[in-house]
Amino acid sequence: MIIKSNNIILENSAIITRCIKYFNEHVFQYASKYNFNEWFVAGGAVLSTIRNGKIDIDQDADIYFRIINDLNTFKNELINRGYVITIETKSYKEFSCISEVVELKKTNTNTIDLICINKSIQEYIDEFDFTVCKCAVTTNDFYCCDSFFEDMGKYRLRIDKKLYNKNFIKRLQKYIQKGYSANEEDLVNIFMDIRNSQYNVDQQYVPLSLKNPLEKWEFGTDQMPFLKENKVEDNIPEIVL
């Protein structure tokens, strides 16, 4: 269930306030003159800001719009600020609710993805795969699933939706490298599902020695290379538009 900031317990209110302030200063202010109808930032960029006070340098900033003209206006704003379009597509087969995706990059800044959707904030982020990614921020509000703060605090990678697109395993790898832990049985079942199906997943990330998921299976770095220790950079620079 997705809840708004006014329904989140008081002890997290200061965190939410800082998060909203951060995105107003580093993202939303650059389009304040346009009076966009509904737009928000969601997913990993919001998570890293809540945890670290800023967006991790290796984290894309996904910015969502309900109106395509708003997306195009902000795209032109970024281009005027030195960003270059690297991807632009009118279709996204994994999510039918997405009508356009534009990826923009600029040297020494976060990659920015502009995404036009036809669902509400609550409906859209409820479809995200990991509970710690089910979060979004607008100019004056915050949204998350009801277990978001507990899972984030415990570094628990709970898989709420099985979205086996080509990026799923890479995302799983990224969050485990950041220190999150996924339930062992969930991981075994996921890799068994992928191995026994025609999902479009990079098979190099799927362990070859999978056994019956009901049996005890010891994970090792030889089977799952992304479990190797990976240090997160310190002094991560802030997003700069």
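This is a predicted model: local features need pLDDT of at least 70, side-chain atom pairs count only at pLDDT 80 or more; totals for chains, interfaces and linings use all residues.
A residue is called buried when its relative accessible area is under 20%, exposed when it is over 50%, and partly exposed in between, using a 1.4 Å probe and protein chains only.

Residues are numbered from 1 along each chain as its sequence is written, and side-chain values use heavy atoms, with hydrogens and water left out.

Now the overall picture. The protein has seven helices and eight strands; helices (H or I, at least four residues) and strands (E, at least two) are DSSP runs numbered from the N terminus. Of its 241 residues, 48% count as buried. Contact means heavy atoms within 4.5 Å, and among contacts with a separation of 6 or more, 64% are between residues 24 or more positions apart.

Back to Ile 121, which sits in helix α4 (residues 121–125). Setting aside neighbours within four places in sequence, Ile 121 is in contact with Glu 38, Phe 40, Ala 136, Thr 138 and Tyr 143.

Next, find helix α3 (residues 68–80). At 1.5 Å a residue, its 13 residues should span 18 Å, and its end C-alpha atoms are 18 Å apart, which agrees; the expected span is 1.5 Å times one less than the number of residues. The buried residues of α3 are Asp 70, Leu 71, Phe 74, Lys 75, Glu 77 and Leu 78. They cover an arc of only 160° around the axis, so they lie on the same side of α3; the arc is that of the directions from the helix axis to the C-beta atoms. An α-helix has 3.6 residues a turn, so residues three or four places apart point the same way. The cover over the buried residues of α3 includes β2 (39–42), β3 (61–65), β4 (84–89), β5 (98–105) and β6 (112–117). On the face turned away from the buried side are the exposed residues Asn 69 and Asn 80. After α3 comes Gly 82, with a positive phi near 100°.
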